Amino acid sequence: MTRTPPTTVTRVRLWRWRRNPLRRHSDVVEAWIVLAGWVLALAAGVVAGLFAVQTSESAFAARQARVHPVTAVLADGSARMPAAGSGYDDGRVWAGVRWTDADGSVHTDRAKVVPGSSAGSRVTVWTNQAHQVVPAPVTGTAADLQSALTGALVAPAAAAAVWGAGWLVRNRLIRRRMAEWDAEWKQIGPRWGNLSGGRG
């Protein structure tokens, strides 16, 4: 029969807050700095993350308001050329396009189209207020995902910055405490040696 060793339960005590003759004022201040640092870091992370999400969504909405889709006609047969096989390619090729505005003015530019499209075929392109072809705006799920990822990246960075500031304040407090202890020991040390008969 094997005997199981007794288990001991260690109670976590908040010794910096409880009454203790060895507790100094700096111990209480340090405890509050640590607590405030964690709370502020958490709050700053949440606020910064939400602000980044809202800012990203506003930027996507503003860009979508500045561009609009138009139906253009493929002006040449360059779209028949095969797409270059690079890792950054989306399979489309550049080709000249032409479109007419509501006021009757004709505009031309180059846009990415699907290879194999013949001249005269219709394609949808996005244009800005200067009548230039621009990439399509990010909308829907893609915009939501990018906004969420932006918030997820900004939140930890902001929390780490606030926590780091709290750590610097705490580190400075610890250095000050060590200097005070050193000064006190310089006063008490010689007397302690006298009380111990010169052996301490």
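Which residue in β4 stands opposite P69? Select P69 and look across to β4: the residue facing P69 there is W126.

Before moving on, a word about what is on your screen. This is a predicted model, in which local features need pLDDT of at least 70, side-chain atom pairs count only at pLDDT 80 or more, and totals for chains, interfaces and linings use all residues. Residues are numbered from 1 along each chain as its sequence is written, and side-chain values use heavy atoms, with hydrogens and water left out.

**The whole chain**

Colour the protein chain by secondary structure. Helices (H or I, at least four residues) and strands (E, at least two) are DSSP runs, numbered from the N terminus. Of the chain's 200 residues, 24% count as buried; buried means under 20% relative accessible area, exposed over 50%, and partly exposed in between (1.4 Å probe, protein chains only).

**The strands**

Now select β1 and β4. They pair in the antiparallel sense over six bridges; two strands pair if DSSP finds at least two bridges between them. Click on L74 and find its bridge partner in β2, V97.

**The core**

Next, select V70, A72, L74, V93, A95, V97, W99, A111, V113, V123 and V125. These 11 residues make up the largest nonpolar core, meaning a set of buried Ala, Val, Leu, Ile, Met, Phe, Trp, Tyr and Cys residues joined through side-chain atoms within 4.5 Å. At least two of its residues come from each of β1 (68-74), β2 (93-100), β3 (106-113) and β4 (122-127). β2 gives the largest share, four residues.

Stay with V97 for a moment. Setting aside neighbours within four places in sequence, V97 is in contact (heavy atoms within 4.5 Å) with residues including A72, H107, A111, V123 and V133.

**The aromatic pair**

Finally, select W38 and W163. The structure holds one aromatic pair, and this is where to find it: the ring centres are 5.9 Å apart and the planes are at 55 degrees, so the pair is tilted. Rings of Phe, Tyr and Trp (its six-membered ring) pair if their centres lie within 6.5 Å; planes under 30 degrees apart count as stacked, over 60 as edge-to-face and the rest as tilted. W38 sits in helix α1 (residues 25-66) and W163 in helix α2 (residues 140-195), 125 residues apart. W38 counts as exposed because its relative accessibility is 54%, while W163, at 38%, is partly exposed.
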